[in-house]
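Visitor: I am new to this structure. Please take me through a close look at a single part of it, step by step.

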Amino acid sequence: MVKLSGNKKYGLTIAILSCFIVGLFFVSFLIGRYSIHPRTVLDIFFSNYADIGEYWHDDLDIVVMQVRLPRIMLGILVGGALSVSGASYQTLFKNPMAAPDILGVSAGAGFGAALAMLWNSSWWQIQIFAFVFGLIAVTATYLIGSIFSRQEITVLILAGIVVSSFFQALLSIVKTLADTDTQLPSITFWLMGSLGKGTNESVLLMLPALGISLAILFIFRHHIDTLAAGEDVAATMGVNVRLMKMITVCCSTLMTVSAVSICGIIGWVGMVVPHISRMLTGSSFPRLIVTSFLVGGSFLLIIDNVVRGVKGVELPLGVLTALVGTPVFVILLSRVKKGWS
Amino acid sequence: MLKVQGLSFYYHRDKEVLKDISFQLDRHDILCLLGPNGTGKTTMLRCLLSLNKIKNGTIEIDGVDFTKATVRERAEMVAYVPQATAMAFSYESFEVVLMGRIAHLPTGGKPTAKDKAIAYEVMEKLGITHLIHKDFNQMSGGEKQMILVARALVQQSRILVMDEPTANLDYSNQVKILQVIKDLAEEGYAILMASHFPNHAFLACNKVALMRDGVIMAQGNPEDIVTTENLTRLYQTPVCVTEAELNFKRSVTKVCVPVMG
């Protein structure tokens, strides 16, 4: 029977990545200001489901279930969301440099969210504002890019820089208008990117948007894959190109926004992780989304563990992802450049 | 099978790109579309693929109005072989071929063993199974073109539209592709190809259409149409159609030669 050479390797890679992320999930509970014995973590964790006598202090229960659990979950979900979103933008725009932060989506969403925060809006309003402005930003980037050239990789990136700068300028205006005692510090800290604000509620709030977007992208994964062959070619193969483009942009933007509105702007994950994933399981989009989610989740969780592990000061997450992401990207760039053409 | 009548197209109302184009394509036909650069060949192929919306005229396939078909139905009627360019990312060639099955996949479904078998059979038929796991972007022009033909074939439509299938290929690869095209026509495919090589009309095609400034100047059998006079008028440069003796085959073939100075 016909077999893709990658098939077995793909299954194995996914299995290894899944085991890794599950292991990482549990190990991450051990990191932080309170040192807790692994055994205790497991006992606290399973005490909700099994009958385990409570021999630990109540504080530890709060640390594990209310502080570390949501933060670890957010690390996986946000990392996964940004990476799948980046992978989708890259496939859609046939552009290895595309990513939510590069295309201006993050800046647009950041502005929208900050604007909503200025009015002390509810979580839902912040989400909607962030989504609308994120969508405006990516549309603007695409339109500006296509005015000059539909083919050039760099033009789209330049358009993204322009749009990002525009929204960052608007964001600065929002900041000057913000109340300097309460709003400004929270907006500024939130924009630097942090998983620290995460609560179990914010995880639950993020899940629907993320789940729906992932499900829709997964349903149309093979259709979106054909876009990599070119829009015209995809159309002659029987793909409704306009619909697929809309679906991909909306889902990717929604995923980015649900991450940004909780954790602020976390750069580089969305660009670097899809490239690592391609090296692991190839460019085919159906595989790429699965691999990207697992790699992205692990990637951000590891970085956040470093953030939590450093004693004394909490470094902003966005700063660390940039510190790690930029050199990795340069290495990847030099290694895989040939394959991009 | 394919019947085009009175087709016209323009981007701006006052500047028609294609004017009153009519032709017919049947099973086993290979129609070679010749014409200078920028004359509307590619635009016409795009119209036939519904990538451009025609302004006037009709395109009928087996009596069905092609322009009113859904994108999926169109893919089941006509397949497109573009010029070989690189993919944005590195794909295995089998993945590229398998993409052609997209119109046959149910929403949310993935290619089944049957789809893979079809893709493998097509690659076997074209003699390119050794390329299966090769990176598409790393392949030579001739190999890429073969993979793109395979991708179009797995679509299982009966009409193939090819945009300069022999562009940028050396003689050996040109002959390979032309042989594949001939074999496919024998099998029953109807093939429309745009080309810059009038010689190919003699080598492989049973129909030829000469296109200049958006109009079909002449069409018919290559023997009658590809003449010194017509080609000179078509390309606006002296072209000579003459006969060459193939010593080893003891036969005579027609060739076109551009004349300089």
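Guide: Start with the salt bridges. The count over all chains comes to 13 in this predicted model. One of them pairs B:Arg46 with A:Asp232. Their closest N and O atoms are 2.7 Å apart. B:Arg46 lies in helix H1 of chain B, residues 41–48, and A:Asp232 lies in helix H10 of chain A, residues 231–236, so the pair joins two chains.

Stay at that boundary for a moment. Between chain B and chain A the count is one salt bridge. The contact itself takes in 37 residues of chain B and 38 residues of chain A. The area buried between the two chains is about 3000 Å². Carbon and sulfur atoms give 65% of that area.

Now move into chain A, to helix H11. H11(A) covers residues 241–263. Two helix partners are worth a look here.

Take helix H3 of chain A, residues 58–93. H3(A) and H11(A) pack at an angle of about 150°, with their axes 9 Å apart. Angles over 145 degrees count as roughly antiparallel, so H3(A) is roughly antiparallel to H11(A). H3(A) passes H11(A) in a left-handed crossing. On the H3(A) side, the contact residues include A:Leu74, A:Val78, A:Ala81, A:Leu82 and A:Tyr89. On the H11(A) side, they include A:Lys245, A:Val249, A:Met255, A:Ala259 and A:Ile262. By class, this contact has twelve nonpolar, six polar and one charged residues.

Next comes helix H4 of chain A, residues 105–118. H4(A) packs against H11(A) at an angle of about 50°, and the axes are 10 Å apart. The two helices are therefore oblique to each other. Their crossing is right-handed. H4(A) brings A:Val105, A:Ser106, A:Ala109 and A:Gly110 to the contact. H11(A) answers with A:Thr253, A:Thr256, A:Val257 and A:Val260. These residues divide into four nonpolar, four polar and no charged. A:Thr253 and A:Thr256 of H11(A) also belong to the contact with H3(A).

H4(A) has another partner to follow. This is helix H6 of chain A, residues 153–177. The axes of H4(A) and H6(A) come within 8 Å and cross at roughly 15°. Angles under 35 degrees count as roughly parallel, so H4(A) and H6(A) are roughly parallel to each other. H4(A) passes H6(A) in a left-handed crossing. From H4(A), the contact residues include A:Ala107, A:Gly108, A:Gly110, A:Phe111 and A:Leu118. From H6(A), they include A:Ser164, A:Phe167, A:Gln168, A:Leu171 and A:Val174. By class, the contact has ten nonpolar, four polar and no charged residues. A:Gly110 takes part both here and in the contact of H4(A) with H11(A).

H11(A) packs with H3(A) and with H4(A). H4(A) in turn makes a contact with H6(A). At the chain boundary, A:Asp232 forms a salt bridge with B:Arg46.

Methods: Residues numbered from 1 in each chain as written. Chains lettered and ligands numbered in written order. Predicted model: local features only at pLDDT ≥ 70, side-chain atom pairs only at ≥ 80, totals over all residues. Heavy atoms only, no water. Axes fitted to C-alpha atoms, helices over the stretch in contact; angles between N-to-C directions. Helix = DSSP H or I, 4+ residues; strand = E, 2+ residues; numbered from the N terminus. Parallel < 35°, antiparallel > 145°, perpendicular 65-115°, else oblique. Left-handed = near helix turned anticlockwise from the far one by under 90°. Contact = heavy atoms within 4.5 Å. Nonpolar A, V, L, I, M, F, W, Y, C, P; charged D, E, K, R; others polar. Buried area = accessible area lost by both parts, 1.4 Å probe. Salt bridge = Lys/Arg side-chain N within 4 Å of Asp/Glu carboxyl O.
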